[in-house]
Amino acid sequence: RKNSSDKIRKQIALAKKFCKAQGFYGAESYIQGFSGYGLECLIIYYKSFEKMLKDLIKLREGEKKIIDIKKFYKNKNEIFLRINEAKLQGPVVLVDPTWKDRNVLSAVSFETFRKFQERAKDFLKRPSEEYFYNKEFDSSVLMKNKGEFVKIILETDRQEGDIAGTKMKKFSRYLEEEIKKYFEVLGREFIYVGGRTGEFYVSAKSRKEIVKQGPEKKDLKNVKRFKAKNKKVFEKNGRFFSLEKIDFSLFEFLSKLKKKDFRNMGIVSFSLTRN
C-alpha cells in the first residue's frame, strides 16, 4: 500500500485477472507461473499493466531480465553472487523489495513465460476484454494439427492441490518423452482438473521409421544378439544400428504403455480417449 496508489492497484488487478484467465497465475509447481505478490511487485515497478507487457515481450530466449526495485545491489553480478543459484534459473529475476536474498519470480518457468509472451503479444495487437475471462481449454486447437489426437485422464493417490497437480504434470512430461521416441509431438497441454485428477492432451505424428543404436563392432557376442533381434541392421563408424518401422498408432502405443504399474510415480491409473 505504501508503494502504490488507487491507480496502481487497479493495474495490479488487471495483471492478476489477465494471468489467471490465461493460466499463468500461481507459483504452484504444476503451474510455474506468476504469484499474486510477484505481479504486485512488477506493476509497482512498471507503473502499468500495458508497460509491463510491452517490456517483458522484448525478452529473447536465453536472456534474463533483472529487476532490483530497491537497488539493494550494485550490479547484476552481485545479484548472481548473493542470491541462491537455484532461485535464478527462470527468465526473470525480481529481487524481493522486502527480502533482498529472494527472487520473487523464481517459480516462473521458461515454458510458462513463453506462453505469457505469446498471449501478451496477441493482447497488445488486439486488446479485448475476452483476455480477462477464464475459458476452458479448447482441445479442438490440437485436433486441427495434422496428427493423431489423444486425451489422457490421469488419477493420482497423492494429496490434493499442489502435490497432486505436480505429480500428474511430471508424469505428463514422462509420457511426452516416451511418445517422442516414436512420434513427433505437434502439441500438448496438461490441465489440473482438481482433486486427484488431471488431463493431458497430445497431438503427434508417427516418425514412420527410427534408428536404434546397437553394440560396437568389436562386441561380437552382443552384435550376434542384436542381429538376431533386429531385421534391418547396418554398421557405421564401428557400431551397429538398426532401422525399426513404426507400424502402430499413438493410441495403440499409449494403450500398451498404460498396462504398466506407475504407482511409484504417484499415478494409480490413466485412461485414453481419441476425441
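Is Glu-148 buried, exposed or partly exposed, and what is its relative accessible area? Select Glu-148 to begin: this residue is partly exposed, with a relative accessible area of 22%, where buried means under 20%, exposed means over 50%, and partly exposed lies in between (1.4 Å probe, protein chains only). Before going further, note that this is a predicted model, in which local features need pLDDT of at least 70 and side-chain atom pairs count only at pLDDT 80 or more, while totals for chains, interfaces and linings use all residues. Residues are numbered from 1 along each chain as its sequence is written, and side-chain values use heavy atoms, with hydrogens and water left out.

Glu-148 lies in strand β3 (residues 148-156) and Arg-274 in the segment after β9, so the pair ties together parts that are 126 residues apart in sequence; helices (H or I, at least four residues) and strands (E, at least two) are DSSP runs, numbered from the N terminus. Arg-274 is partly exposed, at 48% relative accessibility.

Next, select Lys-115 and Glu-189, whose side chains form a salt bridge at 3.5 Å, N to O. This pair links distant parts of the chain, with Lys-115 in helix α5 (residues 110-125) and Glu-189 in strand β4 (residues 183-194), 74 residues apart. Both residues belong to a network of salt bridges that also includes Glu-111, Glu-176, Glu-177, Lys-180 and Arg-188.

From there, move to Lys-169, which is placed in helix α7 (residues 162-180). Lys-169 is buried yet has no salt bridge, and the nearest side chain of opposite charge, Glu-111, is 4.9 Å away; in this count Lys and Arg are positive and Asp and Glu negative, while His and the chain ends are not counted. Leaving aside residues up to four places away in sequence, Lys-169 touches Ser-29, Tyr-30, Ile-31, Gln-32 and Phe-190, where contact means heavy atoms within 4.5 Å.

For a last stop, select Lys-65 and Asp-55, which form a salt bridge whose closest N and O atoms are 2.9 Å apart. Here Lys-65 is in strand β1 (residues 65-67) and Asp-55 in helix α3 (residues 49-56), 10 residues apart.

Definitions and conventions
Salt bridge = Lys/Arg side-chain N within 4 Å of Asp/Glu carboxyl O.
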